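Trainee: I am new to this structure and would be grateful for a close look at a single part of it. Would you please take the salt bridges and explain what they join?

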Amino acid sequence: RMALSRCRRLCRCAFFTVLQARSLSVCGVKGTKRPSFDRPLPPKSPPTAYLRFVKENLHKLPSELAPKEKIKTIAVQWKSLAEEDKARYVSEYEAAKEEYKKDLDEFLQNVDEEYVKAYEKFKKKKQYYKGIMQSKRKGEYVKRKMSAYLVFTSENFKEIYANQPEDSDSIQKLANTSKELGARWKAMDQADKEAFQEKAEKINEERNNTQVDAKLNEALKKSKNAAAKKEKVETEATMKVNDETKAVETKPGGDSGEAVAKAANIPDKDASAN
């Protein structure tokens with residue numbers, strides 16, 4: 001029990017040390033690591049008949065089409081496809097589905113409770129990673145604030161870890177590195193700690209400015225789009241009035257003044273007087 005408890009403490013210590021040492025990169029876009037699973041993954045379900053049709057025919061569409069237009073076009077093609085042509089994709093899917101069921105039954109025979117827990121943990125990490133990457137692409141990811149100790153750790157971790165004995169394992173190296181980092185930080189003068197605090201504040205200020213600039217750019221982009229949309233509507237309305245005016249002028253016996261007023265939504269003087 002004591003050995004197991006000590007091993008758990010070392011693992012926790014090593015885990016937090018790695019987080020602290022990689023704090024500058026973990027919070028950035030490039031440093032976020034995709035979660036991995038060191039065990040065999042369950043077999044994937046086969047693509048449906050429609051997905052097989054999409055994979056086979058999507059690249060045949062014109063490249064100048066937008067992605068949404070391609071999806072709409074391929075959906076229309078699938079709906080208008082003859083039943084005998086659809087049967088080929090359906091039969092391929094059914095055959096792959098039977099093979100998938102066999103592989104899944106064989107895989108489940110070797111699955112125990114420990115594997116289920118590990119796989120559920122992996123799925124949660126994968127979902128968290130997916131959310132982080134989506135928020136980064138949208139510009140909504142808020143980076144973690146740096147502290148003086150995290151800056152000190154990021155600058156000294158590699159040096160201390162490299163000086164550890166080569167015969168010790170990675171967990172022991174991480175544990176010893178974490179202990180030495182903590183000891184150095186405690187023994188450090190207050191003036192040196194304040195220097196790291198200034199570095200941390202500078203990093204946080206740069207991050208805040210970057211996030212503010214991103215929000216301002218997004219707001220400016222939205223305002224430009226709104227102005228362009230308004231200008232487009234006004235132009236279309238003006239063109240419509242001009243077309244109706246020309247139609248009335250070319251029509252024999254037409255009252256051009258009344259038609260122009262109606263096209264431009266100008267109220268009648270007699271009606272407004274009443």
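Mentor: The accessible surface of the chain comes to about 21,400 Å², of which 54% belongs to carbon and sulfur atoms; such areas come from the Shrake-Rupley method with a 1.4 Å probe, and for residues only the protein chains shown count as cover. This is a predicted model, in which local features need pLDDT of at least 70 and side-chain atom pairs count only at pLDDT 80 or more, while totals for chains, interfaces and linings use all residues. Residues are numbered from 1 along each chain as its sequence is written, and side-chain values use heavy atoms, with hydrogens and water left out.

The chain has eleven helices and zero strands (DSSP runs numbered from the N terminus: helices are H or I, at least four residues, and strands E, at least two). A salt bridge is a side-chain nitrogen of Lys or Arg within 4 Å of a carboxyl oxygen of Asp or Glu, and the count comes to seven.

In one of them, the side chains of Arg39 and Glu114 meet at 3.2 Å, N to O. Arg39 lies in the loop between α2 (23-26) and α3 (49-57) and Glu114 in helix α6, so the pair ties together parts 75 residues apart in sequence.

Another joins Glu56 to Arg88, also at 3.2 Å, N to O. Here helix α3, with Glu56, is linked to helix α5 (residues 83-108), with Arg88, across 32 residues. Glu56 is partly exposed, with a relative accessible area of 32% (partly exposed lies between buried, under 20%, and exposed, over 50%, with a 1.4 Å probe and protein chains only). Glu56 and Arg88 also belong to a network of salt bridges with Glu92.
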